[in-house]
Amino acid sequence: MVHRGSSLAMGHGGTGGDAGPTGLRGTLGRYALLPLRIFLGVTFVYAGLDKLTEPGFFAASGNGSIGEWMRQSRPSAGVPQLVDLALNSPAVFGYIIAAGELAVGIGILLGLLGRLAATGGALISLSFWLTVSWSTTPYYFGNDLAYLMAWLPLILAGTPYLSLDALYAKRRRRFGRRLIG
């Protein structure tokens, strides 16, 4: 609905040219995703570091190894082909997952390429849900699906506040104004 050249998006945090709600409501709305960013970022950094520092994790077999973990999850995986792919080279797969978790966690904490980091986190969570936690019943006891859903708001919204992305956008706007005049 449009009234006198304005849209309903104006005054409600949309893109109608208005800065959005002001006061406490506006502040809370702008920073609403920050706790989610912190939780997911810290969790993924911790998960990546945990894998990198766990003795024997990158082995093809043995107690606590990525190979054993994959072999145990294969019979109940939703997409066993993903497990088979990982079993071709368990150590490489383990390093890729650990590095991915670290990159995603650091990226989302710093707000550096926030949407890309959130997409990476969602893909990691999706792959774990389709393999390791697929057979969890009822489904809402499996944490990987919840993590996947938690990444979606960050994919949609990005990291527009307290982030390197916001700093870059601000500098780009300032440079663009000087360039245009």
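Guide: Helices (H or I, at least four residues) and strands (E, at least two) are DSSP runs, numbered from the N terminus. This is a predicted model, where local features need pLDDT of at least 70, side-chain atom pairs count only at pLDDT 80 or more, and totals for chains, interfaces and linings use all residues. Residues are numbered from 1 along each chain as its sequence is written, and side-chain values use heavy atoms, with hydrogens and water left out.

Visitor: OK, how do α2 and α5 cross?

Guide: Their axes come within 7 Å and cross at roughly 150°.

Visitor: Is the crossing of α2 and α5 left-handed or right-handed?

Guide: Left-handed. The term is used if the near helix is turned anticlockwise from the far one by less than a right angle, with clockwise being right-handed.

Visitor: Which residues in α2 and α5 meet?

Guide: With contact meaning heavy atoms within 4.5 Å, the α2 side includes Ile 38, Val 42, Val 45, Leu 49 and Lys 51, and the α5 side includes Ala 98, Glu 101, Leu 102, Gly 105 and Leu 109.

Visitor: Charges next. How many salt bridges does a search of the whole structure find?

Guide: Three, counting a side-chain nitrogen of Lys or Arg within 4 Å of a carboxyl oxygen of Asp or Glu. One of them is Lys 51 with Glu 101, closest N and O atoms 3.1 Å apart. That pair links distant parts of the chain, with Lys 51 in α2 (residues 34-53) and Glu 101 in α5 (residues 90-110), 50 residues apart.

Visitor: Which residue does Arg 74 bridge to?

Guide: Asp 84, with the closest N and O atoms 2.6 Å apart. Arg 74 is in the loop between α3 and α4 (80-87) and Asp 84 is in α4, ten residues apart. Arg 74 is partly exposed at 32%, and so is Asp 84 at 30%.

Visitor: Switching to rings: how many aromatic pairs are there?

Guide: Ten. Rings of Phe, Tyr and Trp (its six-membered ring) pair if their centres lie within 6.5 Å; planes under 30 degrees apart are stacked, over 60 edge-to-face, the rest tilted. Phe 58 and Tyr 95 are stacked, because their centres are 3.8 Å apart and their planes are at 0°.

Visitor: Where do Phe 58 and Tyr 95 lie?

Guide: Phe 58 is in the loop between α2 and α3 and Tyr 95 in α5, so the pair ties together parts 37 residues apart in sequence. Phe 58 is buried at 14%, while Tyr 95 is partly exposed at 46%.

Visitor: Which residues form an aromatic cluster?

Guide: Phe 39, Phe 44, Tyr 147 and Trp 151 form one.

Definitions and conventions:
Buried < 20%, exposed > 50% of the residue type's maximum accessible area, 1.4 Å probe, protein only. Axes fitted to C-alpha atoms, helices over the stretch in contact; angles between N-to-C directions.
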